[in-house]
Amino acid sequence: MSEKQPYRTSYHFQPQQNWMNDPNGPMYHKGVYHFFYQYNPYAATFGEKMVWAHSVSYDLINWIHLNHALEPTEPYDINSCISGSVTILPGEVPAIFYTGIDDKKHQVQNLAFPKNLSDPFLREWEKHPQNPVLTPPAGVEVDNFRDPSTAWKGEDGKWRVVIGAHHGDEGKVILFQSEDFINWTLYPIPKPFFAIDNTGVECPDFFPVSINSTNGVDTSVQNPGVRHVLKISHQEKQLEYYFIGKYDSDHENFIPDVKFTGTSLDLCLDYGNFYASKSFFDYAKSRRILWGWVKENETSQDDIKKGWAGLQSIPRQIWLDKSGKQLVQWPIEEVEKLRGTQISIKGEKLLSGSTLEVSGITASQEKVLFELPELERAEWLDASEVDPQLLCSQEYASRSGIIGPFGLLALASEDLTEQTAVFFRIYRAPNRYVCLMCSDQSRSSLRKDLDQTTYATIFDIDPNLKTISLKSLIDHSIIENFGERGRACITSRVYPSLAIDKDAHLYVFNNGVQSVVITELNAWSMKQAELGHEENVGSS
């Protein structure tokens, strides 16, 4: 890692330069993973001529950057090719469904297909002669009609797609149908597929999840063995909310189990810096994989100076929790191929106020299992009446509770003046026990020009729980955290000025009154993933 570029990552996906945002159409096709993403080829800021950049991989970790798949060339996309998705049509034909900003600055939907299906990398794409195939319908703002989802096929043989839209104070997800994937009509229902007040809705994702398996299923699967998930990107809060529910395809009706409340009780894929996510079904390993954009928390001037902006999360496998009430996420198994030096700690008791260094590893992956004291001793908290983010900003990691805070101090300087604390705190609540999980960036850097928001969530825990786990992926300027086996996820971006490369330390700590035991901690240094341009690495 260059001293001049201390915040570039070792194993997260990022282009070599310039601005990247939304993941567009990840897909698996004939032995190759493809990743398309929003990219500004001209600067490290969001641009007026965005393109679909294209990279390929055999393992979702090491990538080859190809030429752009889509660039603004036609009246219907001359002002940008922005977000969309890929759908695999019968005969293994991938179709890109994307939003173009046209010559009137309206957002319209377009199609593109591979020029040569025998090319395993699908380097060239042709735009369909009937573009645009969809223009903003009545009741939708012309500049807020974007991000078609991966389409699915109903039992009647018709294709469906959902698109994000905005009208005044209402954000909505609207559904269109097609018999041939070219000619699309707005489904004639009196209300949108989904609607929400006081925000725009972007990047909708709609997919089935198996009730009894961690395996994923194809986007078109509809049977009694699946539930459906609708995910929306909430423009105002910049969070990824999702709803589990019942999909009635006869009436194109999605009935969520729980309504949106606008409070901390709503489910998010990630409670930190993670947005515009996109999932796809991986036919090779029968799993659903989720990508999310992780934006910078520096100023635009900082981005311009360093010459790049934006990361993608490590791809996550996603499935329905056995409770049926939430999703679970876990980093894909392929990331483990990058593991290097390993450090292990077992059976170590952390007394109140203690800190223990995990030494000798850099850009790293940690998995720690804490043994909990008796839960009955926990403090009282009415979780329905508190904002976890507010609670975390008051409960700085250094303050003492009864059970917790305990967890990790990541990207910490030796004297702890810089540290990002990722921690748990256990409470008794009405008829249950809950865990507060926080990622506290308030002391992550001595620099003053950063967004150092603290992220948090509260989740229920089993009253018989004896242990709680935390998995963290730490990579120079990003920390991805997976609490209690992936039931709560928090991603953060941090920019230390001292805790860089070999001066970045990792500690385990406990500031609760009650001791906790490290049942087992494993930490690995992570090798660099390969990210190269095709002309430098050669084609397949």
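Two strands are taken to pair if DSSP finds at least two bridges between them, and strands (E, at least two residues) and helices (H or I, at least four) are DSSP runs numbered from the N terminus. The structure is a predicted model, in which local features need pLDDT of at least 70 and side-chain atom pairs count only at pLDDT 80 or more, while totals for chains, interfaces and linings use all residues. Residues are numbered from 1 along each chain as its sequence is written, and side-chain values use heavy atoms, with hydrogens and water left out.

By the pairing criterion, Ser472 has Asn481 of β35 as its bridge partner. Strands β34 (residues 467–475) and β35 (residues 478–483) run antiparallel and are joined by six bridges. Both belong to an open, antiparallel sheet of six strands, ordered β26-β38-β28-β34-β35-β36. Its edges are formed by β26 (339–350) and β36 (488–493), each of which pairs on one side only.

Strand β30 (residues 406–412) is mostly covered, with seven of its seven residues buried (under 20% relative accessible area, with exposed over 50% and partly exposed in between; 1.4 Å probe, protein chains only). Five bridges connect β30 to the antiparallel strand β31 (residues 420–429), where Thr420 is the bridge partner of Ala410. Another five bridges connect β30 to strand β37 (residues 505–510), also antiparallel; here Phe406 stands opposite Asn510.

Beyond its neighbours within four places in sequence, Ile468 is in contact (heavy atoms within 4.5 Å) with residues including Phe370, Phe406, Ile426, Cys435 and Glu484.

One disulfide (a pair of cysteine sulfur atoms within 2.5 Å) was found in a search of the whole structure. This disulfide joins Cys392 to Cys438, with an S to S distance of 1.4 Å. The torsion about the S-S bond of Cys392 and Cys438 is about -60°, so the disulfide is left-handed. Because Cys392 lies in helix α2 (residues 388–394) and Cys438 in strand β32 (residues 432–440), the pair ties together parts that are 46 residues apart in sequence. Cys392 is buried at 0% relative accessibility, and Cys438 is buried at 0%. The sulfur of Cys435 is 8.6 Å from the closest cysteine sulfur, in Cys438, which is too far for a bond.
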